[in-house]
Amino acid sequence: MTKRTHKIIVALLALTLLFNLGATEAGEEIKLPPIKSKTLSNGLEVLVIEHHELPVVAFRLVLKTGAAYDPEGKAGLANLTADLLRKGTKNRSATEIAEAIDFVGGSLSAGANRDATFVTCKVLEKYFDTGLDLLADVVLNPAFAEEEIDRLKGQTVSSLIQQKDDPNVVVRWEFNRQLFGEHPFANPLVGTVKSLESLNQDDIARFYKSFYRPNNAILCVVGDVKSKDVFKKVSRRFSVWKKGGFPKASFPSPPPVSGYRILLVDKPDLTQSNIKFGHLGVDRSNPDYFPLVLMNYILGGSFVSRLVNVVRVEKGLTYGIWSWFEMNKQPGAFAVTTFTRNDSALKAIEASVQELRRIREGGVTEEELKEAKSFYRGYFPLRFETPEQIATRILETKIYGLGKNYLRDYRKNMDKVTIEEVNRVARKYIGPDNLVFVVVSKAEDVKSDLEKLGPVEVVPYTAIE
Amino acid sequence: MFRTGPIRKSVGSKLLFPIFLTIFLFSSSWGEVFFEVGKHVLDNGLTVLTVEDHSTPAISYQVWYHVGSKNERPGLTGISHFLEHLMFKGSENVKAEEHSKIIQANGGVDNAWTWLDNTTYWENLPSDKLDLAAFLESDRQRSLSISQESFDSEKEVVKEERRWRTDNDLYGAMFEQLQNLLWVAHPYHWEVIGFMSDIEAITLEDVREHYERYYAPNNATVVISGDFKTEEALNVIHKYYDDMPSQPPPPSVTTVEPEQLGERRADVHKIAQLPSFIVGYHIPEGGHPDIYPLEVAARILFTGQSSHVYQRLIYQDQIATFVDGAALTIEDPGLFYILVGIQSGHTTEEGEKALYEEIDKLKSEPVTEKELQKAKNQLEAEFIFDLESNSDKGEWVGYYETILGDYSIMFEEPAKYQAVTAEDVVRVCKRYLDKKNRTVVTLIPESPPEPGT
């Protein structure tokens, strides 16, 4: 009940142009916040953005290595290593670290996604030194004590089992497992019960030693600060960090999908089916990025998409439906996700697949493309409102090597996409005939319906890893 | 953090000269944040609050209706939220589904949310789109027009939402039980989403009545925050809202929840692998003087990894996977809740015992000065972190104005937190976090039936 009952909105029908759609003139004069940067002699790149709206400072330290580098059988290593940083250093115990950051009302956390590890800290500006000291200490001097490793592993394993009680989580994890096979993206970022149990102090220390290097890192500081002071204080604390060479990984290819592969995860008290389906997508540096973003916005990337219009508005089958391309350094998934009552699972899937087919074969309309471009154009400045948003945008360009003019040229590049390009990427990257489906539901209710699509494999939800 | 007060009903009052209050949010020891709020009341009773902030070329436009699930009755539970969905189904000059489509095509995003005491609609847009927001919001406030067909299909969407949030979500199901059990008489008894059979039974006529009764200008507050000039914004507001007629004030909720005389417990049986439990205690309404020490107690117990409950249940005893607790302060007397997930090999009994021991420690001995200061530092930081975006600022101002009756109460909060003493914390913990005032809902995991049986 504490959740606000947000409404996921929808829309469509012929648009009466009451207002001039394309012209968001206010956006024209957007200036990106000036970024000051400096690289320390050990290779640490330091970025400072002054943002004086509130007396707040956000630190974000990024290591350009994430869970994609989890060794085989050791899923969860990047994440557990990050999580252990604040569980004790050579100077402070776990409880002392907690006490110090909590006393100033700040936050300090660490975790990994596929491509990077983030250590973030946020404090009121008057506690700048406390925040920076703690950040530097946990990054440079983690203790990785056996006792803390065991404690955190136990907690992570239990929480993983607990998360599997949520069908929204099961559908996501199992979809990745089906799609990616031996590729590391098959595993949840936190790992599996089995892989977590195999992780030991040596694994953690080795991962840390290999990848926690200043020449693999960027520190971004955004907030009510003076850049000169920041550079001075940062270099005082981080100069001792030793650079190193770090290994590069190679990745097995995900198995090809041909035809329909359908997995039904049985949780027999569900009255609603959680559905996720899709196929392999693209990586973040794909040159078709801009037409892909626009195409997906029209297909299922917004509250006014075709999928929302058909499956929610016209048919009343769901409260929410989305499609997206997950873009990492390695190609991620293209997927559609939704949920509907058990007896309409097949209907929702068929209607969604039909939309994939329609955009692939029929393309988009000029009107749809114009509105999509207009959205990205107008919304651009709204994505730079808070220090954290600014840091996120800028670090994304660094992690994925998007170039220093990426943000400056973003709207220009979005604007110049043609309808031919959008239709071309729909044909190229949307494959309605080769799909992996995962449905979490009461198998008895939906199995025979799903069999109309193809052979269905059923597993009890307790059996999945 | 909220306070109840008489709801400002300005029906028929003249347009007031804009009153600008420049307020320092925090005394010197609490930092230097401040912002100006302008307040204007139209002849028809519509309250308009303006917060200028030129740091990003964007605005947030919010409309707060003072109606939520507590204004419903059995048989019509969930109608406020259902109406919220239907507000996207068209009005005199805006066709069904067009509202969001127009907003997005103008580089904005929009949504709405329904809560126990309020229903709020918002759009975040580039700064030159204020006129558009005011046009769209005023049109659906004045002339909502829903076809039977879109009513019927949206009902299915709302039912799917209930299945998703409540019926098929473990914590959703547990929170519904907690609410059902904790409030016997007061309409907080039901979830915002409403009971399934009520959603099913609600008619278009019911919704229309609800809309007519509660969506009048004198029951609404418009909050505009961001990059605009107040004078120009007010001209826009006059253009779209001046001719909207006011209505008789809607009836207020008079039911008072009787005192709880002993612990109440319920079990929820669901297919799951690990147990968890929720504990709830009745606490006073937002703004009551006891709320401030209760908020301090919540920080000491739950905020951060150094908090008492984290240290005990997760770090030392390793009984729990997560703990979450907070004072939910609303317009009528509210709720102090604690949610605990249990680790493999442990039980909810162990979890409850350890939790109550930690709570009892706060009753037997005053916390140290340092701990008290820590909780106050946390409240200060939360307050400032919550003001980073236009929409955050608008939400705070709108909440205080709608639920507590006056936005300016927000600026008195820091002093009230500063004044809390260690003895106050002991007193409120003894008074409210007491076994007789406690309701507990336990998730009992069931195994899936063996296939073929």
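Predicted model: local features only at pLDDT ≥ 70, side-chain atom pairs only at ≥ 80, totals over all residues.
Residues are numbered from 1 along each chain as its sequence is written, and chains are lettered from A and ligands numbered from 1 in the order in which they are written.

**Contact between the chains**

Chain A contributes 76 residues to the contact and chain B contributes 83 residues, two residues being in contact if their C-beta atoms, placed from the backbone, lie within 7 Å. Elements that give two or more residues to the side of chain A that touches chain B include strand S1 (5-6), helix H4 (146-163) and helix H12 (366-379) of chain A; helices (H or I, at least four residues) and strands (E, at least two) are DSSP runs, numbered from the N terminus. H4(A) provides the largest share of that side of chain A, seven residues. By class, the side of chain A that touches chain B holds 35 nonpolar, 24 polar and 17 charged residues, where Ala, Val, Leu, Ile, Met, Phe, Trp, Tyr, Cys and Pro count as nonpolar, Asp, Glu, Lys and Arg as charged, and the others, Gly among them, as polar.

**A sheet in chain A**

In chain A, six strands form an open sheet of mixed pairing, in the order S2-S3-S7-S4-S6-S5, two strands being paired if DSSP finds at least two bridges between them. Strand S2 (36-39) and strand S5 (107-112) of chain A stand at the edges with a single partner strand each, so one side of each is left without a neighbour in the sheet. Strand S4 (residues 56-63) and strand S6 (residues 117-124) of chain A run antiparallel and are joined by eight bridges, and Val57(A) stands opposite Val123(A) in S6(A).

| Helix of chain A | Strands of chain A it lies across | Angle |
|---|---|---|
| H1 (residues 77-84) | S5 and S6 | about 165° to S5(A) |
| H13 (residues 387-399) | S3 (45-50), S4 and S7 (217-223) | about 155° to S7(A) |

**Asp137(A)**

Asp137(A) is found in helix H3 (residues 128-140) of chain A. With 19 C-beta neighbours inside 10 Å, Asp137(A) counts as partly exposed, a class between buried (20 or more other C-beta atoms within 10 Å of its own) and exposed (12 or fewer), with C-beta atoms placed from the backbone. Leaving aside residues up to four places away in sequence, Asp137(A) touches Thr89(A), Asn91(A) and Arg92(A).

Chain B is assigned domain 1 (19-241) and domain 2 (264-446), with bounds that come from an automatic or database domain assignment. The centres of these two domains of chain B, taken over C-alpha atoms, are separated by 27 Å, and 42 residues of domain 1 are in contact with 33 residues of domain 2. On the side of domain 1 of chain B that touches domain 2, H5(B) gives the most, with nine residues.

Helix H9 (residues 291-302) and helix H12 (residues 369-385) of chain B pack at an angle of about 100°, with their axes 9 Å apart. H9(B) is therefore roughly perpendicular to H12(B), a term for angles of 65 to 115 degrees. Residues making this contact include Glu295(B) and Arg299(B) of H9(B) and Leu372(B) and Gln378(B) of H12(B).

Notes. Axes fitted to C-alpha atoms, helices over the stretch in contact; angles between N-to-C directions. Parallel < 35°, antiparallel > 145°, perpendicular 65-115°, else oblique.
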